[in-house]
Amino acid sequence: MSEQEKIFNQIVKDYSERLWWHVRRFVNSHEDADDLLQEIFLKVWAALPSFRGESQLFTWVWRIATNETLNHLRKEKVRAALRFSSLDTEMEHRIQTDPYFKGTDVERELAKAVLKLPEKQRQVFIMRWWDDLSYEEISAITGTSVGALKASYHIAQEKIRAAVSESPF
Amino acid sequence: MTKKSDISTPEGYFEDLQQRLNAIPAAAPAREPSKVRRFAPYLAYAASLALLVAVGNFILRKSTTPAVAEDPYWDYIAYLSDALDPDGYWEDYPEQEASLSNEDIVNFLLAENVSLEQLVSYEEGY
């Protein structure tokens, strides 16, 4: 086994499960998260020789995953528009009919409220609330300042409080 | 509200996922970084050096030589302005003008058989 393969297998071991949850929260579909994770790790494998250690491996992998996920959602949005539909409506339907969703009605409301957030606020909320990343980690991944992230997260919380009948915070 | 209890996964899903992900290297061999990418830092240094030399050369030439000196157009304009300048033209013959006195002119006219009466009448304005 080459050195590169060893590093790759270590990345898979350390991050695949956490990344799956990260992606799953964005796409709201088990199958899409599974497909997307394959794509993400293909990218990680292809880009591994050019990884220079300027950022932490964790940050680098997480950045690839987040960018791929957001690109995937943008493509989905275009596809939905071509079907004369909207991605938000389709996502709400996914949450409503998701066979893997085992939560309460409030948790379902929360998932739907997150859908309605603007992209940056949604990104920060998912990474902070569900992925349990620190502001410093999110800042390193997204390239946004900690102050701006805190402000975005605060606004996102306020919007969710207003949209959900029982506050999760 | 616990954060991850709302979504479930099939039994043994993450073990299966890891196995599939670990199979990626066998299915997609790693690409070596391209030669351009490998030599990119050196190319950047060389390009910076070339730019520095070019800028330095330009500044040096600009500060030591008038911009119009080597331009044939301006040489031609200078030639024309010299040729059309009446003062400039006469300044080319100062010695000849100074050597012709009134006496020389009178002597020349007398030698040409012009009479003194005629010379006086010219002088008086006839």
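Biologist: Of the 126 residues of chain B, what percentage count as buried?
Modeller: This is a predicted model, in which local features need pLDDT of at least 70, side-chain atom pairs count only at pLDDT 80 or more, and totals for chains, interfaces and linings use all residues. Residues are numbered from 1 along each chain as its sequence is written, while chains are lettered from A and ligands numbered from 1 in the order in which they are written. A residue is buried if 20 or more other C-beta atoms, placed from the backbone, lie within 10 Å of its own, exposed if 12 or fewer, and partly exposed in between. For the 126 residues of chain B, the buried share is 3%.

Biologist: What percentage of the residues of chain A count as buried?
Modeller: Chain A has eight helices and zero strands, and chain B likewise has eight helices and zero strands. Helices (H or I, at least four residues) and strands (E, at least two) are DSSP runs, numbered from the N terminus. Of the 169 residues of chain A, the buried share is 29%.

Biologist: Which helix supplies the largest share of the side of chain A that touches chain B?
Modeller: Two residues are in contact if their C-beta atoms, placed from the backbone, lie within 7 Å. In these terms, 28 residues of chain A are in contact with 21 residues of chain B. At least two residues of this side of chain A come from each of α1 (3-27), α2 (30-47), α5 (105-115) and α6 (119-130) of chain A. The largest share, 11 residues, comes from α1(A).

Biologist: How many nonpolar residues are on the side of chain A that touches chain B?
Modeller: Ala, Val, Leu, Ile, Met, Phe, Trp, Tyr, Cys and Pro count as nonpolar, Asp, Glu, Lys and Arg as charged, and the others, Gly among them, as polar. On this side of chain A there are five polar and six charged residues, and the number of nonpolar ones is 17.

Biologist: Which residue of chain B is in contact with A:Leu37?
Modeller: Here the neighbours of A:Leu37 within four places in sequence are left aside. A:Leu37 then has contacts with A:Ser16, A:Leu19, A:Trp20 and A:Val23, and also with B:Leu17.

Biologist: What length does α3(A) reach from its first C-alpha to its last?
Modeller: The expected span of a helix is 1.5 Å times one less than its number of residues. With 26 residues, α3(A) is expected to span 38 Å, and its reach is close to that, at 38 Å.

Biologist: Which helices of chain A are included in what covers the buried residues of α3(A)?
Modeller: The buried residues of α3(A) are A:Trp60, A:Val61, A:Trp62, A:Ala65, A:Thr66 and A:Thr69. Their cover includes, from chain A, α1, α2 and α7.

Biologist: Is A:Phe84 buried or exposed?
Modeller: A:Phe84 lies in the loop between α3 and α4 (87-97) of chain A, and its phi is near 60°, a positive value in a residue other than glycine. Because A:Phe84 has 6 C-beta neighbours inside 10 Å, it counts as exposed.

Biologist: Is A:Asn28 buried or exposed?
Modeller: A:Asn28 is found in the loop between α1 and α2 of chain A; it is not a glycine, yet has a positive phi of about 55°. Because A:Asn28 has 23 C-beta neighbours inside 10 Å, it counts as buried.

Biologist: At roughly what angle do the axes of α6(A) and α8(A) cross?
Modeller: Axes are lines fitted to C-alpha atoms, for helices over the stretch in contact, and angles run from 0 to 180 degrees between N-to-C directions. In the contact, A:Lys120, A:Gln121, A:Val124, A:Phe125 and A:Arg128 of α6(A) meet A:Leu149, A:Ser152, A:Tyr153, A:Ile155 and A:Ala156 of α8(A). The two axes come within 9 Å, and they cross at roughly 90°.

Biologist: How are α7(A) and α8(A) oriented to each other?
Modeller: The axes of α7 (135-142) and α8 (146-163) of chain A come within 9 Å and cross at roughly 110°. Angles under 35 degrees count as roughly parallel, over 145 as roughly antiparallel, 65 to 115 as roughly perpendicular and the rest as oblique. The two helices, α7(A) and α8(A), are therefore roughly perpendicular.
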